[in-house]
Amino acid sequence: MIWKIDDIIFVTSKADKYGETLLAEHNGQRYRIRIDKTMMPYYYEVFRHYYEGERDLHQNLFASSRRSRIEEWVTANLK
């Protein structure tokens, strides 16, 4: 899946029947959207992805079950 929000393009990193992970880079930061397909409607979470030494860390930024709210949040906050 490719999801373009404003000028940020999220592409699938990993997917299965239970969920999907989309990654993007913007302004030197890595962002991740996780889609949980086990819930109806699907549940979307936005994370900032970063490394601290050898640790792989994720900071939860926003979550919603409405895709339009995710698009509005990304457009407003990741400029």
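A residue is called buried under 20% relative accessible area, exposed over 50%, and partly exposed in between, judged with a 1.4 Å probe and protein chains only. The model is predicted, so local features need pLDDT of at least 70 and side-chain atom pairs count only at pLDDT 80 or more, while totals for chains, interfaces and linings use all residues. Residues are numbered from 1 along each chain as its sequence is written, and side-chain values use heavy atoms, with hydrogens and water left out.

The charged pairs come first. Side chains of opposite charge can pair when their charged atoms come close. A salt bridge is defined as a side-chain nitrogen of Lys or Arg within 4 Å of a carboxyl oxygen of Asp or Glu. Four salt bridges are found in a search of the whole structure. One of them joins E20 to K37, with the closest N and O atoms 3.5 Å apart. Because E20 lies in strand β3 and K37 in the loop between β4 (29-36) and β5 (43-52), this pair ties together parts that are 17 residues apart in sequence. Helices (H or I, at least four residues) and strands (E, at least two) are DSSP runs, numbered from the N terminus. E20 counts as buried at 10% relative accessibility, whereas K37 counts as partly exposed at 25%.

Another salt bridge is formed by E45 and R34, whose closest N and O atoms are 2.4 Å apart. This pair links distant parts of the chain, with E45 in strand β5 and R34 in strand β4, 11 residues apart. E45 is buried at 12% relative accessibility, and R34 is partly exposed at 34%.

Strand β3 (residues 19-26) also holds T21, a residue that is buried with a relative accessible area of 10%. Setting aside residues up to four places away in sequence, T21 touches V11, T12, S13, K14, R32, I33 and R34; contact here means heavy atoms within 4.5 Å.

E71 is partly exposed at 30% relative accessibility, and R67 is partly exposed at 32%. R67 also lies over the face of W3, at 4.1 Å from the ring centre. A charge sits over a ring if NZ of Lys or CZ of Arg is within 6 Å of the ring centre and within 35 degrees of the ring normal. R32 lies over the face of F47, at 4.6 Å from the ring centre.

Rings of Phe, Tyr and Trp (its six-membered ring) pair if their centres lie within 6.5 Å; planes under 30 degrees apart count as stacked, over 60 as edge-to-face and the rest as tilted. Two aromatic pairs are found in the whole structure. Among them is the stacked pair of F62 and W73, at 5.5 Å centre to centre with 5 degrees between the planes. Since F62 lies in strand β6 (residues 55-64) and W73 in helix α1 (residues 67-77), the pair ties together parts that are 11 residues apart in sequence. F62 is buried at 18% relative accessibility, and W73 is buried at 17%.
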